[in-house]
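I opened a new structure today and kept notes as I went. Here is what I looked up.

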Amino acid sequence: MKKVIIVGAGIAGLTAGIYALQSGFDVTIYESHTIPGGASTSWRRKGYLFEGGMHWLTGSSPKTPLHKLWREVGALDDHVKIYNRDPFSTFEDNGQQVCLYRDLEKLRQHFLELAPDDRKEIIKLCRDIKKFTRMKMPVLDIKNVKVKHKSAPSLSMLLGMLPALPRMSFYAKQTAREFAQRFKSPLLQHLLEGIVGPENNASGTLFTIASLVSGDGGYPEGGSLGMANRMAKRFEALGGIIQYGKEVRKVTVQNGVASGFIINGEHIPADAVIITQDTRVAIDNLFDAPLHEPWAERMRESVKPMMITFISVGVEANLSDLPESLSFVTDEPLRCGDLSASIVSIYNYAGYKGYAPEGCTAITSGIMGDSYDFWKACKEKGTYETEKQKLAEAFIHILAKKIPQTAGKIAVWDVATPLTYERYLHSYKGSWMSIMEKGRKMESYPSKPESIKNVYFAGQRLLNPGGLPVAAETGRKAVQYLCRDSNMVFQGNI
Ligand SMILES: Cc1cc2nc3c(=O)[nH]c(=O)nc-3n(C[C@H](O)[C@H](O)[C@H](O)COP(=O)(O)OP(=O)(O)OC[C@H]3O[C@@H](n4cnc5c(N)ncnc54)[C@H](O)[C@@H]3O)c2cc1C
């Protein structure tokens, strides 16, 4: 049996591992951390569980092609409850609230009542959302791979996508912020620019709202780590082995063919290597010499990393009467290096059992943007811990002003910077997705290099903007290439 070794037990690595086992390979995953999941993670502090990853999962709805994939890899099953929070998010300013409801007609009415002067734009937006509800991320087979069960989009799905195509370029050529500014109402502006982040192109805004109103984008029970644990369990039940605490240093290559990798100075031999460490880092660090193929150069030039300084607090108060996802304006902006956030967004996990001690609430927030150099400089100057504390205190102060029940009730706080993510994920500047700039087409990168045989890539970086669906889809695709090269039949069905 051919031996396959995988770098990383994140969502891409686990997906690849499961499909490779099902297709008849002998598979071991080497993971530098002590748990599976990578960026799909959560952590506990003093009895509080801080959800550190997903806020929504594309493919949680059985009506999507991705759903089948999530079930095949054990991320979802009949017993996993999906929470479709509604409203999905709420923006509040000056005592007024705007909500992103999941029912399109309710959303339209709500927007029209709040912002009658934006009638024309609201009607256009809702018409486009409806068109975008037919756009689904497909899960396709690569050319000339032998598969046990074909995966191809139906004709009706393809035809359904046609009406949205002409509108895609309209949204892709402007940022979410520019699109939001078409609306006169500041409430609508803030809500719309916050959905995927103001710097991303507005097609992400449309795709996200469309997926929510079509019943997708839920939060699975157990959250990010729960999902990763279910996948790791499925992988091990199929006979796979995960070696934790093992950082892969180099992929060994002999005469243009990968022969394994090096961990702690030891050579682990294999017939094929699947790399799910951030490809942007792998092309520079995981080979004796950096890879200089045209696509790798394109990746070096065009990747715009998405980063966060993540703040979480445990509050000794029951906040279940507050929205689950709330954004508001603060007159004392939250600062972190050059970044300054005058809109603060919080996730409130009061509704989730086990996320906090009885009667208490776990809250998460963060500042999006590139603060990597700031934190690096703090580390060098020895001010890293004090800056983290200053940020946490500023956040706690803002929270107390906005939500008085939290004042003096903070049991624990935690700050994870891009350096934290870099340490755990070994990703580029600690990022975990890519920004999709305006006017750029969806960048995608190959699953295997041209110059080295038996090496395959998977993970969020291979298709802009990344995220869990891309991690899983590229993990599956890497195994299809492996099967094609090894003359094996790809098997993915449950
Ligand atoms: C705050 C936050 C919110 C998010 N929200 C969402 C969301 O709502 N929806 C969504 O779809 N996505 C979301 N994401 C993004 C999503 O979590 C990631 O894109 C996805 O988990 C990436 O998976 P991956 O397997 O490609 O990479 P990773 O998760 O980075 O996995 C790589 C794994 O490889 C290991 N590794 C790396 N290098 C080595 C090495 N040399 N040797 C051994 N092991 C190694 C790492 O430890 C890691 O476990 C969010 C992420 C964050 C941080």
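**Notebook: helix, sheets, ligand shell**

I began with helix α14, residues 384–402. Helix α14 lies across β16 (308–315), β17 (325–336), β18 (339–348), β19 (361–368) and β20. I read its direction against β17 as about 135 degrees. I note that this is a predicted model.

Next I traced the sheet. I found seven strands in an open sheet, in the order β7-β6-β17-β18-β19-β16-β20, with mixed pairing. I looked for the edges. They are β7 (96–100) and β20 (410–416), and each pairs on one side only.

Strand β6 (residues 89–93) is joined to β7 by five bridges, and the two run antiparallel. Across this pair, I saw Phe 91 opposite Val 98 in β7.

I turned to the domains. The chain is divided into domain 1 (3–42 + 221–304 + 437–490), domain 2 (85–139 + 149–214) and domain 3 (308–428). I noted 31 Å between the centres of domain 1 and domain 3, taken over C-alpha atoms. How many residues of domain 1 are in contact with domain 3? I found nine, and they meet five residues of domain 3. On the domain 1 side, I sorted the touching residues into three nonpolar, four polar and two charged.

I went to the ligand. I found 39 residues surrounding the ligand, the closest being Gly 8, Gly 10, Gly 38, Gly 459 and Gly 467. Elements that give two or more residues to this shell are α1 (11–22), β2 (26–31), β16, α15 (418–425) and α16 (468–486). I checked the classes too: 18 nonpolar, 18 polar and three charged residues. Domain 1 and domain 3 each supply at least three residues of the shell.

Which way do its residues point? Ala 272 and Ile 274 point one way, Val 273 and Ile 275 the other, and all are buried. I recall that side chains alternate between the two faces of the sheet in a regular strand.

I looked up the partners of β14. Strand β1 (residues 3–7) pairs with β14 in the parallel sense over four bridges. Strand β22 (residues 455–457) also runs parallel to β14, joined by three bridges. I followed Val 273 in both pairings. Val 273 is the bridge partner of Ile 5, and Val 273 stands opposite Val 455 in β22.

Key: Residues are numbered from 1 along each chain as its sequence is written. This is a predicted model: local features need pLDDT of at least 70, side-chain atom pairs count only at pLDDT 80 or more; totals for chains, interfaces and linings use all residues. Domain bounds come from an automatic or database domain assignment. Two residues are in contact if their C-beta atoms, placed from the backbone, lie within 7 Å. Ala, Val, Leu, Ile, Met, Phe, Trp, Tyr, Cys and Pro count as nonpolar, Asp, Glu, Lys and Arg as charged, and the others, Gly among them, as polar. Two strands pair if DSSP finds at least two bridges between them. Axes are lines fitted to C-alpha atoms, for helices over the stretch in contact, and angles run from 0 to 180 degrees between N-to-C directions. A residue is near a molecule or strand if its C-beta atom, placed from the backbone, lies within 6 Å of it. A residue is buried if 20 or more other C-beta atoms lie within 10 Å of its own, exposed if 12 or fewer, and partly exposed in between; C-beta atoms are placed from the backbone.
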